[in-house]
Amino acid sequence: GSRHRQSRPERIVIAPPGKLGIIIKQSVEGCMIHNVKPNSPMKGLLFGEDLILSLNGEDISGYSAHQLTILIAKHVGEQRRFVVVSMGHDDAR
């Protein structure tokens, strides 16, 4: 179907050190951005329904949302590199 992620462009998002203000949820596809808080440094870079494919080059497809949250927090003092793909329906923008 059209929701197949192979047809969707991956985005590389660099997160600055510090708290990111993102909420991660578990979905059938894997760990997904649930929402981005208004004061988050990731506002406009990460969006709800973004599926997270990797963090710092590490494939996180087998991770639970809880495990990924812990991993992100573990690297709080440094830049983090996310690879994400949008699973949302708003591809027209």
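Lys 25 has Met 32 in strand 3 as its bridge partner. This pair belongs to a predicted model of a chain with one helix and six strands. Along the sequence these elements follow the pattern β-β-β-β-β-α-β.

**The chain as a whole**
- The chain has 93 residues, and 37% of them count as buried.
- Among contacts with a separation of 6 or more, 64% are between residues 24 or more positions apart.
- The accessible surface is about 5500 Å², and carbon and sulfur atoms account for 55% of that surface.

**Strand 2 and strand 3**
- Strand 2 and strand 3 run antiparallel and are joined by five bridges.
- Four residues lie between the strands in this hairpin, where Gly 30 takes a positive phi near 145 degrees.
- Ile 24 is in strand 2, and the residue is buried because its relative accessible area is 13%, below the 20% limit for that class.
- Ile 24 and Asn 35 are 11 residues apart along the chain, and their C-alpha atoms are separated by 7.3 Å.
- Leaving out residues up to four places away in sequence, Ile 24 touches Cys 31, Met 32, His 34, Ile 52, Ala 65, Leu 68, Thr 69 and Ile 72.

**Strand 4 and its partners**
- Strand 4 is mostly covered, with six of its six residues buried.
- Strand 4 pairs with strand 6 in the antiparallel sense, over five bridges.
- Strand 4 also runs antiparallel to strand 5, and two bridges join them.
- The hairpin of strand 4 and strand 5 has two residues between the strands.

**Asp 50, a buried residue in strand 4**
- Asp 50 is placed in strand 4, which covers residues 50-55.
- Is Asp 50 buried or exposed? Asp 50 counts as buried because its relative accessibility is 0%.
- A polar atom of the Asp 50 side chain lies 2.9 Å from the backbone nitrogen of Phe 47.
- Beyond its neighbours within four places in sequence, Asp 50 is in contact with Arg 11, Cys 31, Met 32, Ile 33, Leu 45, Val 84, Val 85 and Ser 86.

**Helix 1**
- Helix 1 spans residues 65-74, and its buried residues include Ala 65, Leu 68, Leu 71 and Ile 72.
- The buried residues of helix 1 line one face of the helix, because they fall within an arc of 120 degrees when seen down its axis.

**Nonpolar cores**
- In soluble globular proteins, nonpolar side chains tend to be buried together.
- Which residues touch the most other members of the largest nonpolar core? They are Ile 22, Leu 68 and Phe 82, in a core of 19 residues.
- Strand 1, strand 2, strand 3, strand 4, helix 1 and strand 6 each give two or more residues to this core.
- Helix 1 gives the most to this core, with four residues.
- Leu 68 touches Ile 24, Cys 31, Ile 52, Leu 55, Ile 60 and Tyr 63, if residues up to four places away in sequence are not counted.
- A second, separate core has six residues, among them Leu 51, Leu 53, Val 85 and Met 87.

- Most residues other than glycine have a negative phi.
- Glu 49 has a positive phi, near 80 degrees, and is not a glycine.
- Glu 49 is in the loop between strand 3 and strand 4, and this residue counts as partly exposed because its relative accessibility is 28%.
- Asn 56 is not a glycine either, and its phi is positive at about 50 degrees.
- Asn 56 is in the loop between strand 4 and strand 5, and this residue counts as partly exposed because its relative accessibility is 36%.

Terms used: Residues are numbered from 1 along each chain as its sequence is written. This is a predicted model: local features need pLDDT of at least 70, side-chain atom pairs count only at pLDDT 80 or more; totals for chains, interfaces and linings use all residues. Side-chain values use heavy atoms; hydrogens and water are left out. Buried means under 20% relative accessible area, exposed over 50%, partly exposed in between (1.4 Å probe, protein chains only). A polar contact is a pair of N or O atoms within 3.5 Å; within protein, one must be able to donate a hydrogen and the other to accept it, and residues adjacent in sequence count only if both atoms are side-chain atoms. Contact means heavy atoms within 4.5 Å. The arc is that of the directions from the helix axis to the C-beta atoms. A nonpolar core is a set of buried Ala, Val, Leu, Ile, Met, Phe, Trp, Tyr and Cys residues joined through side-chain atoms within 4.5 Å. Two strands pair if DSSP finds at least two bridges between them. Accessible areas come from the Shrake-Rupley method with a 1.4 Å probe; for residues, only the protein chains shown count as cover.
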